[in-house]
Amino acid sequence: MTELNNFKKAIDEIPVPLERLDAILSDSFKKKKVKRFQFSRILKYSAAAVILSFGLISSAYVSPAFANFITQIPVMGHVFEQFILKESYYAAYEEISTDIGVSSISNGVQMDIEKAFFDGNTITLGFVVHTDEGIETAPLFEKYPEVINNSISNAGYDGEYVEGVGFVGMMEISGLSDTKNTVNIVWKPKSISFDDKTIDGNWRFAFSLDKLEGILIPINEKVEKDGVTVQLIDATQTDVNLSINYHQDVAPSVHDKWMAVEAELRAIDNLGNEYEVPYTSGTGTKGSDSSEDLTWNATVHGLDPKATSITFYPFAHLSNSQTDWERIDFEPITVELE
Amino acid sequence: MTVNSKLVKKAVKGDQEALLTLLQQEREKLYKTAFSYVRNETDALDIFQQTVLLAIESIHQLREPKFFSTWLMKICINTSLEVLRKRKKVVVMQGASMEKAAADIELSDEKLDLLNAIYRLDEKYKTVLLLRYYEDLTFEQIAELLGEPLGTVKSKGKRALSKIKASLKGVYADDRAQQF
């Protein structure tokens with residue numbers, strides 16, 4: 001069939017980096033630290049979370065069942081669709097961000113990093129890309145920012161074109177291998193693609209961010225249902241958000257039945273404001289009974305400064321496939337804010 | 001029983017060497033599938049890595065050895081779609097990697113245009129085309145795999161081909177478009 005042959009021929013023209021594929025295969029089967037490519041979405045231990053919650057310093061990769069879950073279960077989309085430019089978050093962000101105000105122009109494309117902040121888990125950058133001709137499609141950068149002496153497991157951005165300004169984007173970088181009080185960021189993309197073209201250039205940014213001051217709130221409360229335990233460990237409250245560490249513990253009998261288990265949170269403060277609580281990174285628990293025993297860090301964005309308490313409603317999805325899944329809702333846990 | 005069926009059965013029972021052999025056989029196809037969605041090497045490698053890890057984790061749950069390849073392809077496609085969705089920057093453009101790829105292997109203009117036409121397809125059409133024409137599944141099998149009505153899948157397949165034809169006609173008002 002002509003269509004079949006043509007399609008196959010076209011796809012077969014895609015060049016394949018065989019050596020790198022073989023390296024991934026080899027590493028995966030050795031059960032060693034998987035070779036990480038830039039911004040691998042395989043989550044890894046967050047050093048801060050581990051030290052805080054378990055006192056461990058060893059590292060391991062989280063179960064790839066996590067990847068399965070997010071790819072198989074449509075209901076997960078509700079959390080992942082969280083738009084980081086949410087209005088309430090935006091306003092708060094304006095107040096606490098560090099003014100970076102750096103520009104770099106190369107081959108007619110100007111990049112500005114206007115503001116940024118680091119809440120101890122996530123680095124957030126506000127940036128603008130513009131040209132004299134305007135930009136119709138979201139720009140694709142050859143490279144994401146790097147954090148010196150640190151590796152990153154997640155990064156992404158969103159934004160929109162603003163007439164007369166350019167593509168205004170907000171980037172989130174999380175899953176740092178080592179959370180420090182200060183992060184040093186370098187961003188040197190060699191090309192930017194947009195509107196069906198790729199512009200090579202020499203954009204360069206280097207700046208530091210201090211960790212936003214926060215108050216640690218110990219929680220250590222757990223709820224259990226149907227073989228899954230969710231434990232809220234602690235939270236760090238800043239002026240604008242609440243970063244929470246929580247742990248899911250899955251009974252082996254549950255994991256025998258379900259390929260993936262993933263606990264999430266939603267929250268409502270005492271003023272009635274409802275928040276989604278998207279997680280920014282997850283960590284495996286070395287030596288645990290189940291590879292689904294995971295510790296998550298999640299963030300409540302745009303926390304109302306007048307709120308004095310917040311109630312978390314944990315829920316978990318147990319899944320084997322897109323159609324084969326169950327949801328568990330747990331008893332709520334209320335946390336007093338500082 | 002074919003050699004592959006034996007290998008799959010071994011893999012399902014926990015024979016990692018057998019699974020490694022199977023994944024080595026499938027690696028190019030998986031990578032090309034991932035690349036056709038994300039159009040850059042970094043993300044395609046990332047998807048490949050996730051697919052491999054997931055295969056290792058869940059191979060014991062594969063019930064029908066004959067569906068190994070399809071099962072793997074489904075993981076790869078789902079992972080690719082998730083990466084695109086999370087990036088929220090699914091842009092219809094020719095990325096830097098694609099240009100580099102074209103330069104590296106000296107694609108003819110015609111092949112490059114066809115490949116770009118495939119890249120530009122909406123993901124829902126691309127998935128059906130990949131499963132139909134790259135994985136050689138029937139529309140019935142695709143419908144089952146995607147959990148969609150047969151009519152919907154066939155319709156997507158037809159639309160996908162129409163879109164490619166239309167795209168190619170923008171470049172070649174001749175045989176090239178008619179072949180599709």
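These legends go with close-up views of a predicted model.

**View 1. A strand wrapped up in chain A.** Here we zoom in on strand β14 of chain A, which covers residues 242-250. How many of its nine residues are buried? Nine of the nine, so the strand is largely enclosed by the rest of the structure. Remember that side chains in a regular strand alternate between the two faces of the sheet. In β14(A), one side carries A:Leu242, A:Ile244, A:Tyr246, A:Gln248 and A:Val250.

View 2. Strand β13 of chain A (residues 228-237) pairs with β14(A) in the antiparallel sense, over nine bridges. Look for A:Val228, which stands opposite A:Val250 of β14(A). Strand β18 of chain A (residues 294-300) also pairs with β14(A) in the antiparallel sense, this time over seven bridges.

**View 3. Two residues with a positive phi.** Most residues other than glycine have a negative phi. A:Asn220 is not a glycine, yet its phi is positive, about 50°. Where is A:Asn220 found? It belongs to strand β12 of chain A, residues 215-225. Is A:Asn220 buried or exposed? It has 9 C-beta neighbours inside 10 Å, so it counts as exposed; the cut-off for that label is 12 or fewer. A:Asp226 isn't a glycine either, and its phi is positive too, near 50°. You'll find A:Asp226 in the loop between β12 and β13 of chain A. With 12 other C-beta atoms within 10 Å, A:Asp226 is exposed.

**View 4. Confidence along chain B.** Now switch to chain B, where pLDDT averages 74 and 75% of the residues score at least 70. Which element of chain B has the lowest mean pLDDT, and which the highest? Helix α5 of chain B (residues 96-105) has the lowest, at 40, while helix α2 of chain B (residues 16-38) has the highest, at 89. Two stretches deserve a second look. Over residues 88-106 of chain B, pLDDT stays under 50, and the model has 38 contacts beyond four places in sequence for them. Residues 171-180 of chain B also stay under 50, with 15 such contacts beyond four places in sequence. As for the model's overall scores, ipTM is 0.78 and pTM is 0.46.

Methods. Residues numbered from 1 in each chain as written. Chains lettered and ligands numbered in written order. Predicted model: local features only at pLDDT ≥ 70, side-chain atom pairs only at ≥ 80, totals over all residues. pLDDT = per-residue confidence, 0-100. Helix = DSSP H or I, 4+ residues; strand = E, 2+ residues; numbered from the N terminus. Contact = placed C-beta atoms within 7 Å. Buried ≥ 20, exposed ≤ 12 C-beta atoms within 10 Å, placed from the backbone. Pairing = 2+ DSSP bridges.
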